[in-house]
Amino acid sequence: MSTTADPLAVLGSLPGVADSVDSVRKAVDRVYGHRVMRRRSNEVTSEAALRGARGSAALSGADWALEEVRRRSDFGSEGEPRTVGAALRLTAESGQLLSVWRQSPLRVLARLHLVAAGRDRPDESVGRPRLPGEPVAEPLIELPVPTADEVSGRLEGLAGLLIAGSDAPALVTAAVVHGELLALRPFGSYNGLVARAAERIVLVGSGLDPKSICPAEVGHAELGRAAYVAALEGYVSGTPEGMAAWIAHCGRALELGVRESTAVCEALQRGAA
């Protein structure tokens with residue numbers, strides 16, 4: 001990342017990024033202007049949370065039908081049920097961490113990992129960045145894993161940027177947080193779920209999506225794993241073109257999340273008619 005005073009704002013000025021930012025803002029404004037949002041926004045938020053969790057779990061290898069996620073309550077076992085349960089827990093927890101995020105992003109990331117793992121207390125690997133020699137189990141992402149020392153330095157740098165604040169659009173900041181966490185894979189497990197939950201926190205906390213009705217996770221899943229990994233490779237490359245492509249990918253995912261919630265609004269409106 002750039003060493004200028006506001007590297008996030010620099011990313012926001014890359015070719016094509018402004019168009020993505022503008023398109024996302026217009027889409028978000030449209031769904032917030034839907035008549036259903038005046039009276040039933042809590043229902044839209046709840047449905048968006050469920051669908052977002054389903055999408056995030058799908059990207060981590062548990063691609064369940066929405067109704068299966070809605071129906072099931074047994075998420076304690078290993079494998080796919082545990083992944084879906086972790087995604088649901090993270091979605092529920094994210095909204096409680098906005099104020100802490102502004103002051104201590106690293107504390108929130110540790111909490112998110114703890115919640116994903118489903119532990120009340122951290123063991124020797126849960127709720128903290130991995131140590132030298134500790135393995136990483138992360139479905140889908142097969143990029144080279146940075147060293148523990150690199151992870152520590154880059155996490156501190158990311159936290160510093162977030163605490164200092166930026167003039168960059170929310171989409172840019174959210175995409176960088178998401179991409180950096182996926183690139184680093186700072187924890188031994190659940191990095192993808194944590195990265196997508198952190199993206200959600202940024203989008204809500206920035207004021208772009210204050211009611212959390214635009215589940216970008218839905219769009220990421222809809223665009224598919226191959227496109228997700230290809231866009232992430234662009235981010236990891238560090239080139240302006242690669243970074244812009246990742247931000248644009250996150251923008252498209254968010255617009256698809258908006259489309260999903262617009263369909264929910266329409267369904268609620270038909271039911272109320």
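These are my notebook entries on a predicted model of one protein chain.

**Entry 1: overall build**

I began with the secondary structure. I counted 13 helices and zero strands in the protein chain. Then I looked up the overall dimensions. Along the principal axes, the C-alpha atoms fill a box of roughly 60 × 45 × 35 Å. I also checked the radius of gyration, which is 18 Å for the protein chain. A compact globule with 273 residues would have a value near 19 Å, so the two agree. Of the 273 residues, 52% count as buried. Next I took contacts between residues at least 6 apart in sequence. Of these, 71% join residues at least 24 apart.

**Entry 2: helix H3**

Is helix H3 straight or bent? I compared spans. H3 covers residues 37-59, and a straight helix of 23 residues would span 33 Å. The end C-alpha atoms of H3 are only 29 Å apart. I then looked for a bend and found one of about 35° at Glu43. After H3 comes Gly61, where I noted a positive phi, near 100°.

**Entry 3: Val17**

I moved to Val17, which lies in helix H2 (residues 17-32). Its relative accessible area is 1%, so Val17 is buried. What does Val17 touch, apart from neighbours within four places in sequence? I listed Leu11, Gly12, Val172, Ala244 and Ile247. Ile247 is 230 residues away from Val17 along the chain, yet their C-alpha atoms are separated by 6.9 Å.

**Entry 4: the nonpolar core**

In soluble globular proteins, nonpolar side chains tend to be buried together. In this model, the largest nonpolar core has 84 residues. Which members touch the most others? They are Trp101, Leu109, Leu112, Val172, Val177 and Trp246. Helix H9 (residues 170-184) gives the most to this core, with eleven residues. I followed up Trp246.

**Entry 5: cysteines**

How many disulfides does the structure hold? I found zero. Cys214 is in no disulfide, and the nearest cysteine sulfur, that of Cys265, is 9.3 Å away. Cys214 is buried, with a relative accessible area of 0%. Cys250 is also buried, at 1%.

Notes. Residues are numbered from 1 along each chain as its sequence is written. This is a predicted model: local features need pLDDT of at least 70, side-chain atom pairs count only at pLDDT 80 or more; totals for chains, interfaces and linings use all residues. Side-chain values use heavy atoms; hydrogens and water are left out. Helices (H or I, at least four residues) and strands (E, at least two) are DSSP runs, numbered from the N terminus. The expected span of a helix is 1.5 Å times one less than its number of residues. The bend at a residue is the angle between axes fitted to the seven residues ending there and the seven starting there. Buried means under 20% relative accessible area, exposed over 50%, partly exposed in between (1.4 Å probe, protein chains only). Contact means heavy atoms within 4.5 Å. A nonpolar core is a set of buried Ala, Val, Leu, Ile, Met, Phe, Trp, Tyr and Cys residues joined through side-chain atoms within 4.5 Å. A disulfide is a pair of cysteine sulfur atoms within 2.5 Å. The radius of gyration is taken over C-alpha atoms; the globule rule is 2.2 Å times the number of residues to the power 0.38.
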